[in-house]
Amino acid sequence: VVGGPLTMTFLALESTRDLTLTGVVLAASIMSAILVRETFGYSFSTWRFHLRGETIRSAHDVGWMRSLTVGSMMRKDVRTIPASTTLSEFRKEVPLGSAQRVIAVEHADQYVGMLLVPELHSDRSDGDTPVSALAQFKDAVLVPSMNVQTAAETFQRTGAEELAVVEDFDERIVLGLLTESHLMRRYAEELDKARRDLSGEG
């Protein structure tokens, strides 16, 4: 079974050489394609991609979803601080307003957690408390190979607005940072570009 109306039409014409039958096949193929799309939300061809493991919803979602990775969207100019730094030392080194977030690391830039600067400045913990105890999203990280869909699901699951990007899940060497707002903006830009390319506006 072929999901393309024109393909079905040309196959029918080649095999039967009957123009009348070809017209009927074309009409039937178009009607079936419309019916399938209205019923299931995507075409028969897209369904076959689903069977192969692709998670696409329409024809223009195929390529760019995979090329839009965390590695291509992340910021590399991230600020880190040793996880053993005390709260009082942190407040001296990172004044309120100098940054929104800092990543706590240990050893060779291994990720420990995310430090939200405004929250640490308003925290009532003892000044000798290590910032590692106040770090958030300790188990939630991204890796460069993740595509936009997987990254968005991670943001949704954790409820974070920003997540660290690490080299891999084992060593967790910090490479950069990605915010949910930037991810969604890049997704919207690529989606609009794909739509314009499809309609010939680009």
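**Reading salt bridges and a helix face**

Modeller: A salt bridge joins Arg186 to Glu189, with 3.3 Å between the closest N and O atoms, where the term stands for a side-chain nitrogen of Lys or Arg within 4 Å of a carboxyl oxygen of Asp or Glu. This is a predicted model, in which local features need pLDDT of at least 70 and side-chain atom pairs count only at pLDDT 80 or more, while totals for chains, interfaces and linings use all residues. Residues are numbered from 1 along each chain as its sequence is written, and side-chain values use heavy atoms, with hydrogens and water left out.

Colleague: Where do Arg186 and Glu189 lie?

Modeller: Helices are DSSP runs of H or I with at least four residues, strands are runs of E with at least two, and both are numbered from the N terminus. Arg186 and Glu189 both belong to helix H9 (residues 180-199), three residues apart, which is about one turn of the helix. Arg186 also forms a salt bridge with Glu190, again with the closest N and O atoms 3.3 Å apart, and these two residues of H9 are four residues apart, also about one turn.

Colleague: Is Glu190 buried or exposed?

Modeller: Buried means under 20% relative accessible area, exposed means over 50%, and partly exposed is in between, with a 1.4 Å probe and protein chains only. Glu190 is buried at 19%, whereas Glu189 is partly exposed at 41%.

Colleague: How many salt bridges does a search of the whole structure find?

Modeller: The search finds four, one of which is between the side chains of Glu162 and Arg101, at 2.8 Å from N to O. Glu162 lies in strand E4 (residues 162-166) and Arg101 in strand E2 (residues 101-106), so the pair ties together parts that are 61 residues apart in sequence. Glu162 is buried, with a relative accessible area of 7%.

Colleague: Which residues of helix H8 are buried?

Modeller: In H8 (residues 148-158), the buried residues include Val148, Ala151, Thr154 and Phe155. They cover an arc of only 125° around the axis, which puts them on the same side of H8, the arc being that of the directions from the helix axis to the C-beta atoms. The face turned away from this buried side carries the exposed residues Gln156 and Arg157.

Colleague: What caps the N-terminal end of H8?

Modeller: Asn147 does, through a side-chain oxygen that lies 3.2 Å from the backbone nitrogen of Gln149. After H8 comes Gly159, whose phi is positive, near 75°.

Conventions
Polar contact = N/O pair within 3.5 Å; in protein donor to acceptor, adjacent residues only side chain to side chain.
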